[in-house]
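Trainee: I would like to go through this model step by step. Please keep the terms plain.

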Amino acid sequence: MLIVAGYLRVLDRDRYLDSCRAVVETARTTPGCLDYALGADLVEPDRVTVYERWTSREAVESFRGAGPGDLSEQIIDADVREFTCSDERRL
């Protein structure tokens, strides 16, 4: 499993999140996507939390290659990382 997690700093958080609705909808219907979420940080007004969970690197790369549009002009900073996981348990 591949987990992508971190945060973005954006110029206008509400506008950014509104423009990401199609990205989230597309990701969640992409084969291999286990979860995909973007959310407003409760403390910092320019911060967006990123969380993705994929079955494999191939699945996330396929999505990235076909993703709907480029939203990078709205991002002013980012700290997003990938983690691989071979074990999980339900809490």
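Trainee: Which residues line the second largest pocket?

Mentor: This is a predicted model, where local features need pLDDT of at least 70 and side-chain atom pairs count only at pLDDT 80 or more, while totals for chains, interfaces and linings use all residues. Residues are numbered from 1 along each chain as its sequence is written, and side-chain values use heavy atoms, with hydrogens and water left out. On a 1 Å grid over the protein atoms alone, a pocket is an open set of points where a 1.4 Å probe fits, with protein on both sides within 12 Å along at least five of seven lines, and a lining residue has an atom within 4 Å of a point. For the second largest pocket the lining is Leu 17, Asp 18, Cys 20, Arg 21, Val 24, Glu 25, Ala 37 and Leu 38.

Trainee: Which element gives the most to the lining of the second largest pocket?

Mentor: Helices (H or I, at least four residues) and strands (E, at least two) are DSSP runs, numbered from the N terminus. Two or more lining residues of the second largest pocket come from each of H1, helix H2 (21–29) and strand S2 (33–40). The one that gives the most, with three residues, is H2.

Trainee: Is Tyr 16 buried or exposed?

Mentor: Tyr 16 sits in helix H1 (residues 13–19). Buried means under 20% relative accessible area, exposed over 50%, and partly exposed in between (1.4 Å probe, protein chains only). The relative accessible area of Tyr 16 is 5%, so this residue is buried.

Trainee: With which side chain does the side chain of Glu 52 make a polar contact?

Mentor: Glu 52 belongs to strand S3 (residues 47–54), and at 4% relative accessibility it counts as buried. A polar contact is a pair of N or O atoms within 3.5 Å; within protein, one must be able to donate a hydrogen and the other to accept it, and residues adjacent in sequence count only if both atoms are side-chain atoms. At 2.9 Å, the partner of the Glu 52 side chain is that of Trp 54.

Trainee: How many aromatic pairs are there, and what kind is the pair of Tyr 36 and Phe 63?

Mentor: Rings of Phe, Tyr and Trp (its six-membered ring) pair if their centres lie within 6.5 Å; planes under 30 degrees apart count as stacked, over 60 as edge-to-face and the rest as tilted. By this rule the count is three aromatic pairs. The ring centres of Tyr 36 and Phe 63 are 5.7 Å apart and their planes at 65°, so this pair is edge-to-face.
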